[in-house]
Amino acid sequence: MTKTAAQICIQQQRSDLENILSVPLRDISLHCADAWNEGLTALNNVLIRDISSLSYCRSIYLMDLNGQQISDTIDNDGEVLAFSGQDHSDQPYLNRVPIVDFLLSESYISSQSRRPSISAIQIIRAREQTVGFLVATFDLKDLPLTAPLYEEPTDWRQLKGD
């Protein structure tokens, strides 16, 4: 089967993202491990301080091993988008995460932005034990290789139901 230009571009984007993100996410995960038992404010402060090291990142948050969000969701301007306590346990990438330290999700439609997105997930270890996950989200329209392929709808649509 021949790949489309979009598929080739997305595959290249995934590879480039892995190269761009693996070191900063690992570094942020180490900072989070240091603050892991210090509470919500300490974890949020790490995320607010470190999100600028993630190129093209829309938002970042932390989860425990059960997929429960334990930090606020911080946007790329350091502002709080959503609060801790959300349940992300139904995310398909959680089934694969414990096997590797770093993982890029498949693309999906974000419930926040309602746009095609991708997440990068990094395991957080404290004292040689896995304690949680760092999740960084990206809109495909913001990524350099997929942005030219993304078109925002320009026409207005109304959906009517019963």
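# Close-up views of a predicted model

View 1. E1 and E7 pair in the antiparallel sense, over 6 bridges; two strands pair if DSSP finds at least two bridges between them. E1 and E2 also run antiparallel, joined by 2 bridges. Ser 59 has Asp 75 as its bridge partner in E2. Because 5 of the 6 residues of E1 are buried, the strand is largely enclosed by the rest of the structure. Here, buried means under 20% relative accessible area, exposed means over 50%, and partly exposed lies in between (1.4 Å probe, protein chains only).

A word on reading these views: the model is predicted, so local features need pLDDT of at least 70 and side-chain atom pairs count only at pLDDT 80 or more, while totals for chains, interfaces and linings use all residues. Residues are numbered from 1 along each chain as its sequence is written, and side-chain values use heavy atoms, with hydrogens and water left out.

**View 2. The salt bridge between Asp 139 and Arg 58.** The side chains of Asp 139 and Arg 58 meet in a salt bridge at 2.4 Å, N to O. This pair links distant parts of the chain, with Asp 139 in strand E7 (residues 129-139) and Arg 58 in the loop between helix H2 (40-50) and strand E1 (59-64), 81 residues apart. A salt bridge is a side-chain nitrogen of Lys or Arg within 4 Å of a carboxyl oxygen of Asp or Glu. Are the two partners buried or exposed? Both Asp 139 and Arg 58 are buried.

View 3. A search of the whole structure finds 5 salt bridges. One of them joins the side chains of Arg 26 and Asp 27 (3.1 Å, N to O). Arg 26 is partly exposed, with a relative accessible area of 41%, and Asp 27 is partly exposed too, with 29%. In another, the side chains of Arg 49 and Asp 50 come together at 2.9 Å, N to O. Asp 50 counts as buried, at 8% relative accessibility.

**View 4. Gln 69 and its surroundings.** Look for Gln 69 in the loop between E1 and strand E2 (73-75). Gln 69 counts as buried because its relative accessibility is 3%. What does the side chain of Gln 69 reach at 2.8 Å? The answer is the backbone oxygen of Ser 71. The Gln 69 side chain also makes a polar contact with the side chain of Thr 73 (2.8 Å). A polar contact is a pair of N or O atoms within 3.5 Å; within protein, one must be able to donate a hydrogen and the other to accept it, and residues adjacent in sequence count only if both atoms are side-chain atoms. Leaving aside neighbours within four places in sequence, Gln 69 is in contact (heavy atoms within 4.5 Å) with residues including Tyr 61, Leu 62, Phe 83 and His 88.

**View 5. Cys 32 and Cys 57.** Cys 32 counts as buried because its relative accessibility is 0%. Cys 57 is buried as well, at 3%. With a disulfide taken as a pair of cysteine sulfur atoms within 2.5 Å, the count comes to 0 disulfides.

Note on methods. Helices (H or I, at least four residues) and strands (E, at least two) are DSSP runs, numbered from the N terminus.
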